[in-house]
Amino acid sequence: MKTKKILWWLAIASFGIMVPFMAPYFTLDPAGSRVPVAPGTVQYPALLAHILFAFIALVSGFLQFADRIRLRNPKLHRNLGKAYVASVFLSGLMSLVPLSCIENFAKAASFLALAILWLFTSWKGYRAAVKHRIEEHRVWMVRSFGMTLVAVSGRLVVPLLLLAYYVLHGFSLPEGREKMVEEVLNANLWVGIVLNFAIVEWIVLRRMKGNQASGR
Ligand code: HEM
């Protein structure tokens, strides 16, 4: 499949998955939050800010891959790039508040690792762009967007992990259905991080090989 087509499918899947997850927060009412929030604290406003800026990062991130913008309108590409990096930073920093309220340590650690990887890869991409190291900038930005998409892949792997849990427990649910869902939701982000990391590094290596073959 052509890269353009893959990106279209990826964008459709990403918005198709993330918009319903965002929907309960459109009302700005903490009572509608899917994740438990302590009333009267900064947790809910921080979660809202995280979701808003993460969505801007998702939209501007996809637009950065559009040839029509990148090649024909470099100024717009640069401005969208700045919007992407700024929203990753705001969203990533805001996510530290809700993640510090997560009770399960393995789950909290997965969000923390993701936040650090998101901020680090975006910072490296931004610095490479400022220094006009274009190829390096591209590689780090693909890595950064790969981390943005963990929000999608982490949710996409949930049905597979439910199945894996059932199979690995000898086709039974020894501690019940609720425990299965809880355990899967504590592990899914780690799986998303590893999966996206592997896919991104494969893309990066393929691109490097292509560049070497064409003598660039
Ligand atoms: C890539 C780095 C990201 C990190 C570190 C991160 C972190 C977090 C954290 C800590 C929470 C609270 C979870 C809880 O309390 O159980 C959360 C929730 C949420 N995040 Fe992110 N997130 C990231 C990316 C994104 C992206 C790209 C989007 C896309 C719009 C997004 C949308 C959401 C939504 C909708 C929720 C609420 C989830 C729910 O109601 O079940 N996040 N995120």
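These legends walk through several close-up views of a predicted model. Residue numbers start from 1 along each chain, in the order its sequence is written. Because the model is predicted, local features need pLDDT of at least 70 and side-chain atom pairs count only at pLDDT 80 or more, while totals for chains, interfaces and linings use all residues.

**View 1. The shell around the ligand.**
Let's begin at the ligand, which is surrounded by 23 residues; a residue joins this shell if its C-beta atom, placed from the backbone, lies within 6 Å of the molecule. Arg34, Ala54, Ser95, Leu99 and Ala151 are the closest. Helices H1 (3-22), H2 (43-63), H4 (74-99), H5 (105-130), H6 (134-148) and H7 (150-156) each supply at least two shell residues. Helices here are DSSP runs of H or I with at least four residues, numbered from the N terminus. H2 gives the largest share of the shell, 6 residues. By class, the shell has 19 nonpolar, 3 polar and 1 charged residues. Nonpolar covers Ala, Val, Leu, Ile, Met, Phe, Trp, Tyr, Cys and Pro; charged covers Asp, Glu, Lys and Arg; the others, Gly among them, count as polar.

**View 2. H2 packed against H4.**
Two packed helices are described by the angle between their axes and the distance between the axes. For H2 and H4, the angle is about 150° and the axes are 7 Å apart. Axes are lines fitted to C-alpha atoms, for helices over the stretch in contact, and angles run from 0 to 180 degrees between N-to-C directions. Residues making the contact include His50, Phe53 and Ala54 of H2 and Tyr84, Met94 and Ser95 of H4. Two residues are in contact if their C-beta atoms, placed from the backbone, lie within 7 Å. The contact of H2 with H4 has 16 nonpolar, 7 polar and no charged residues.

Is Tyr84 buried or exposed? Tyr84 counts as buried because it has 26 C-beta neighbours inside 10 Å; the label takes 20 or more other C-beta atoms within 10 Å, whereas 12 or fewer means exposed and anything in between partly exposed, with C-beta atoms placed from the backbone. Tyr84 lies in helix H4. Leaving aside neighbours within four places in sequence, Tyr84 is in contact with Ala57, Ser60, Gly61 and Gln64.

**View 3. Val97, also in H4.**
Val97 is found in helix H4 and is partly exposed, with 17 other C-beta atoms within 10 Å. Setting aside neighbours within four places in sequence, its contacts are Val42, Gln43 and Ala46. Ala129 is 32 residues from Val97 in sequence, and their C-alpha atoms are 30 Å apart in space.

**View 4. H5 alongside H9.**
Helix H9 spans residues 176-213, and its axis comes within 7 Å of that of H5, crossing at roughly 30°. H5 and H9 are therefore roughly parallel to each other. H5 passes H9 in a left-handed crossing. On the H5 side, the contact is made by Ala106, Lys107, Ser110, Phe111, Ala113 and Leu114, and on the H9 side by Asn186, Leu189, Trp190 and Ile193. These residues divide into 7 nonpolar, 2 polar and 1 charged.

**View 5. H6 alongside H9.**
H9 also meets H6, with the axes coming within 9 Å and crossing at roughly 160°. H6 and H9 are therefore roughly antiparallel to each other, and their crossing is right-handed. From H6 come Val139, Val142, Arg143, Gly146 and Met147, which meet Asn196, Phe197, Ile199, Val200, Ile203 and Val204 in H9. The contact of H6 with H9 has 8 nonpolar, 2 polar and 1 charged residues.

**View 6. Two loop residues with positive phi.**
Which loop holds Leu28? Leu28 is in the loop between H1 and H2, and its phi is near 60°, a positive value in a residue other than glycine. Leu28 counts as exposed, with 9 C-beta neighbours inside 10 Å. Phe171 sits in the loop between helix H8 (158-168) and H9. Although not a glycine, Phe171 has a positive phi of about 55°. Phe171 is exposed, with 7 other C-beta atoms within 10 Å.

Key
Angles under 35 degrees count as roughly parallel, over 145 as roughly antiparallel, 65 to 115 as roughly perpendicular and the rest as oblique. A crossing is left-handed if the near helix is turned anticlockwise from the far one by less than a right angle, and right-handed if clockwise.
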